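Hi everyone, thanks for coming. Let's take a few minutes to walk through one protein together, and please have it open on your screen.

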Amino acid sequence: MASHRRPKQPGRTRVTVLTATAAAAVALSSQAAHADSPSKSDAKAKVDKLYEEAEQATEKYNGAKEKQDKLDKQVGDLQDKVARGQEELNKLRDSLGSVATAQYRSGAIDPSLQLLLSSDPDTFLEKASTLDQLSAKQADTLKQISEKQRTLKQQREEATGKLKDLADTRKALGEKKEEVQSKLADAKDVLNSLSAQERAEITGSDGKDGGKDAGKGGAGGGDRASRGGSRPDINIPAGSGRGGAALAAAQSVIGSPYVWGATGPDSFDCSGLTSWAYAQAGVTLDRVSQDQANDGTRIYDQSQLKPGDLVLFYGDLHHIGLYAGNGMTLHAPKPGANVRYESMGNMPFQFGVRIG
């Protein structure tokens, strides 16, 4: 007869062990998943570093672009000079050829025999004097030709050197452009690995764009309608003189997006904003932050700064803004952010520059 015993139930100890094992597996799985994605703080540190490196490369790109523009003009001017000089040289050679031909034709008979055969010696002597003058003119023409050839040679050599510099500069420009784009693409990849809320907290955007435009410097609500939200709840003193006018111009574009290589009026990088703002005040600054550092009088005591003074940050001076008073700077911060006020304590201040 078959046994109908009830199956033995697992003991309480065994159930506890199984439950603990399952919980541990879930915890390990959760930890592994968490390890695969960077923490928000790690992601922020990495994105900030990439943006800083992108800005460093941007200022180098700006410098190469400015050098390229200058070389383009210099090469064009030299090529025009060479063309005009060659034309003048050709005219001198033509005039020399005409004189030589005339002398050859008139010199077919010995001058002394011409005098003996001449029915009018006085007329002959006048012609002989003219021939002497032609010889002097010919000698002067030869001297001009020699000098013109020497000048043309120097100009051609200079143009050749400038063309080589131009080719090297264009190569450097392309390399810096690739470096900027690579850094921004890496930052975008990090941002895309986060949630929309985490991206918004890191970039300061509203989170709606998902960081998609961070590589272009357009994240962070570049819409001009959002500018009011960029003004802090502090008293910004009015500036005076050229610095005050430059600061007022920069205040008019608060909320404009940071875009590397941009000089306004709709988007800016850091030195693009300062050069544009001072241009509105009738002052021409150099294009790159490191060069703008030498465009005026340096001020190392932060307490001596006045609204509108340039303020430079980081040891290599790759970032620049306008002093806004009360320890604040108005600047184009970085890709993914807009022109805004920010505490100068957030960056390593080096010195200010007052534009006279």
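Helix 2, helix 5 (196-203) and strand 5 (340-343) each give at least two residues to the lining of the largest pocket. Helices here (H or I, at least four residues) and strands (E, at least two) are DSSP runs, numbered from the N terminus. A pocket is found on a 1 Å grid over the protein atoms alone: it is an open set of points where a 1.4 Å probe fits, with protein on both sides within 12 Å along at least five of seven lines, and lining residues have an atom within 4 Å of a point.

Before we go on, a word on the source: this is a predicted model, where local features need pLDDT of at least 70 and side-chain atom pairs count only at pLDDT 80 or more, while totals for chains, interfaces and linings use all residues. Residues are numbered from 1 along each chain as its sequence is written, and side-chain values use heavy atoms, leaving out hydrogens and water.

Back to our pocket. Which element supplies the largest share of the lining? That is helix 2, with five residues. The space inside comes to about 390 Å³, a volume being the space filled by probe spheres set on grid points that are joined across faces, edges and corners. There are 19 lining residues, and the closest to the centre are Asp-48, Tyr-314, Lys-334, Arg-340 and Glu-342.

Now the aromatic rings. A search of the whole structure turns up four aromatic pairs. Rings of Phe, Tyr and Trp (its six-membered ring) pair if their centres lie within 6.5 Å; planes under 30 degrees apart are stacked, over 60 edge-to-face, and the rest tilted.

Finally, the whole chain: eight helices and six strands.
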